[in-house]
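Please read the following note alongside the structure. The points are numbered so that each may be checked in turn.

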Amino acid sequence: MSLVVGLTTSNVVAPECQHGFSRVDVYWPWWSPVVYAATFGIVTPLRTEYVCAEATEAAGPVPSSHPPL
């Protein structure tokens with residue numbers, strides 16, 4: 001996600017993760033401080049990794065009234 005409003009969105013769509021996310025990791029890549037310094041802090045590259053949650057027997061299907069992530 002960018003610190004400048006409008007460059008990126010926080011909405012995530014992952015149809016391959018039918019049961020949602022179990023973990024989301026956000027970090028700076030090794031080259032991110034170079035871009036940050038070169039743009040005087042205007043651009044901050046971040047890398048995001050999503051891990052899908054596993055299905056459990058207790059969890060049923062998501063009702064259609066529940067909005068997507």
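1. A residue is called buried when its relative accessible area is under 20%, exposed when that area is over 50%, and partly exposed in between. The model discussed here is a predicted one. With a relative accessible area of 0%, Ser-32 is therefore buried.

2. Ser-32 belongs to helix H1, which covers residues 32–38. Leaving aside residues up to four places away in sequence, Ser-32 touches Thr-44 and Pro-45. A polar atom of the Ser-32 side chain lies 2.7 Å from the backbone oxygen of Pro-45.

3. The disulfide count comes to one. In general, a disulfide is a covalent bond between the sulfur atoms of two cysteines. Here the bond joins Cys-17 to Cys-52, with an S to S distance of 1.8 Å. Cys-17 lies in the segment before strand E1 (21–27) and Cys-52 in strand E2, so the pair ties together parts that are 35 residues apart in sequence.

4. The torsion about the S-S bond of Cys-17 and Cys-52 is about -60°, and the disulfide is therefore left-handed. Cys-17 has a relative accessibility of 11% and counts as buried, whereas Cys-52, at 34%, counts as partly exposed.

5. Which residues form a nonpolar patch on the surface? They are Val-24, Val-26, Trp-28, Tyr-36, Leu-46 and Tyr-50, and together they have about 530 Å² of accessible area. One of them, Tyr-50, is found in strand E2 (residues 47–52). The relative accessible area of Tyr-50 is 38%, so this residue is partly exposed.

Terms used
Residues numbered from 1 in each chain as written. Predicted model: local features only at pLDDT ≥ 70, side-chain atom pairs only at ≥ 80, totals over all residues. Heavy atoms only, no water. Patch = residues over 30% accessible without salt bridge, like charges linked within 9 Å, V, L, I, M, F, W, Y side chains within 5 Å. Areas by Shrake-Rupley, 256 points an atom, 1.4 Å probe, with all protein chains shown as cover. Salt bridge = Lys/Arg side-chain N within 4 Å of Asp/Glu carboxyl O. Helix = DSSP H or I, 4+ residues; strand = E, 2+ residues; numbered from the N terminus. Buried < 20%, exposed > 50% of the residue type's maximum accessible area, 1.4 Å probe, protein only. Polar contact = N/O pair within 3.5 Å; in protein donor to acceptor, adjacent residues only side chain to side chain. Contact = heavy atoms within 4.5 Å. Disulfide = S-S within 2.5 Å.
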